[in-house]
Amino acid sequence: MRKHSTPARTPDRLKDRPTWLLGRAVARSSVLLTTGFAAHGDGLRGYHYRLLASLEQWGSVSQADLGRDAGIDRSDVTAALVDLESRDFVVRDVDPNHRRRKIVAITDSGSAALRKLDEVLDSIQEELLAPLTPAQRRQFAEIMPRLGDEGKADVSPGGSST
């Protein structure tokens, strides 16, 4: 699929539509995430962050469940975990009750790396939300989860993909 560049002009009938506005915000967010992690993530990406954050919050889990929890495709989880394991950020052990299943756990150095990535992500969030006032940021954090979860009103705040 070809990447699209930023349009030079936006037709009037399109510029105020929520889907257009959200798409533009997602595009900007993606660029900020990609460049922020590339510049300050020590070779780690958003999916590494999601895996480490899931493991730290919910503890050891099977590799397949970790992928489902983090919303990452199984083959991508395997590749990311190989990378994280090579850095000593996670350990993968064979499940004694199911020899074909791997149980993944975060290590102390993985938790330390996650804290550093928190700082990277915090600066990316700050840059993304820079155009908003503090009150608008709070309002944004309250409204956006409703749009991301099929309009459910009981969604908890902070449900970002990274």
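Helix H4 (residues 63–70) is followed by Gly71, whose phi is positive, near 70 degrees; helices (H or I, at least four residues) and strands (E, at least two) are DSSP runs, numbered from the N terminus. The structure is a predicted model, in which local features need pLDDT of at least 70 and side-chain atom pairs count only at pLDDT 80 or more, while totals for chains, interfaces and linings use all residues. Residues are numbered from 1 along each chain as its sequence is written, and side-chain values use heavy atoms, with hydrogens and water left out.

The axes of H4 and H5 come within 10 Å and cross at roughly 105 degrees. Axes here are lines fitted to C-alpha atoms, for helices over the stretch in contact, and angles run from 0 to 180 degrees between N-to-C directions. H4 and H5 are therefore roughly perpendicular to each other (65 to 115 degrees; under 35 counts as roughly parallel, over 145 as roughly antiparallel and the rest as oblique). In this contact (heavy atoms within 4.5 Å), Gln63, Leu66 and Gly67 of H4 meet Val77, Thr78 and Leu81 of H5. By class, 3 nonpolar, 3 polar and no charged residues take part, where Ala, Val, Leu, Ile, Met, Phe, Trp, Tyr, Cys and Pro count as nonpolar, Asp, Glu, Lys and Arg as charged, and the others, Gly among them, as polar.

Helix H5 (residues 74–86) also packs with helix H3 (residues 46–58), at an angle of about 80 degrees and with the axes 10 Å apart. H3 and H5 are therefore roughly perpendicular to each other. Tyr47, His48, Leu51 and Leu52 of H3 make the contact with Val77, Ala80, Leu81, Asp83 and Leu84 of H5. This contact has 7 nonpolar, 1 polar and 1 charged residues.

Positive phi values also occur in residues other than glycine. Asp42, in the loop between helix H2 (18–40) and H3, has a phi of about 50 degrees and counts as exposed at 61% relative accessibility. Asp88, in the loop between H5 and E2, has a phi near 65 degrees and counts as partly exposed at 44% relative accessibility.

How values were computed: Buried means under 20% relative accessible area, exposed over 50%, partly exposed in between (1.4 Å probe, protein chains only).
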